[in-house]
Amino acid sequence: MTDESFLISRIRLGDYSAFRALYELHVDPLYRFLKQFSRDHHQVEDWVQRSFIKAYESLDRFAGRSKFSTWLFTIGLNEMRSDRRKTPMISLEEITPEVSETVDPHESFAWDELMRGWLDELDDVRRSVFILHEVEGFSH
C-alpha cells in the first residue's frame, strides 16, 4: 500500500491529520500547475483551496484507479475552467509587455517570459497537457 493509499484509508476512517499530510504532499505541485493559467497569486490560491475542499468532500468517490494527484489535478483544472467561464478574460497583451524575440534565452527571466508567452498562446487543454507531461512529469 502506498503512502497515498494509506493516507486516504486513514482519512476515510476520520483521521483528519491524514488529510493534512495528503495536502502537504500535493499543495505545491498543484499550485505550480495552476499558476501556469494565471499570474494572479490570489486567484491561484483560490483554485487550490477549492480543489482540496472538493477533493475532501468527494473522497468517497475516489476509486483509486488513478493516482490521487491525477484526480486532484483534474479537480484543479475544472475549478480553473469553471472560474474562467464566470470571469471576463483580459487579453495578456493588455497587461504584459511584449517580449522581444531577440532576447538571450540563457537569461533565466527572459527565457521564462518567452516560454510563458508561448504557453499563453495555447488553449487550456493543450497547455494543461504540456504542463502535466513536461513540467509535472505525468505520463500521457
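Five salt bridges occur in the structure; each is a side-chain nitrogen of Lys or Arg within 4 Å of a carboxyl oxygen of Asp or Glu. The model is predicted: local features need pLDDT of at least 70, side-chain atom pairs count only at pLDDT 80 or more, and totals for chains, interfaces and linings use all residues. Residues are numbered from 1 along each chain as its sequence is written, and side-chain values use heavy atoms, leaving out hydrogens and water.

One of the bridges pairs K54 with E79, with the closest N and O atoms 2.6 Å apart. K54 sits in helix α3 and E79 in helix α4, 25 residues apart. Helices here are DSSP runs (H or I, at least four residues), numbered from the N terminus. E79 is buried at 5% relative accessibility, while K54 is partly exposed at 41%. Buried means under 20% relative accessible area, exposed over 50%, partly exposed in between (1.4 Å probe, protein chains only).

R50 and D83 form another bridge, at 4.0 Å between the closest N and O atoms. This pair also links α3 (residues 41–57) to α4, across 33 residues. R50 is partly exposed at 27%; D83 is buried at 13%. Shared partners join R50, K54, E79 and D83 into one network.

Now turn to another helix pair. Helix α1 (residues 3–12) and helix α2 (residues 16–35) pack at about 145 degrees, axes 8 Å apart. Axes are lines fitted to C-alpha atoms over the stretch in contact, and angles run from 0 to 180 degrees between N-to-C directions. Contact means heavy atoms within 4.5 Å. Among the contact residues are L7 and I11 of α1 and F19 and L22 of α2.

Key: Helices (H or I, at least four residues) and strands (E, at least two) are DSSP runs, numbered from the N terminus.
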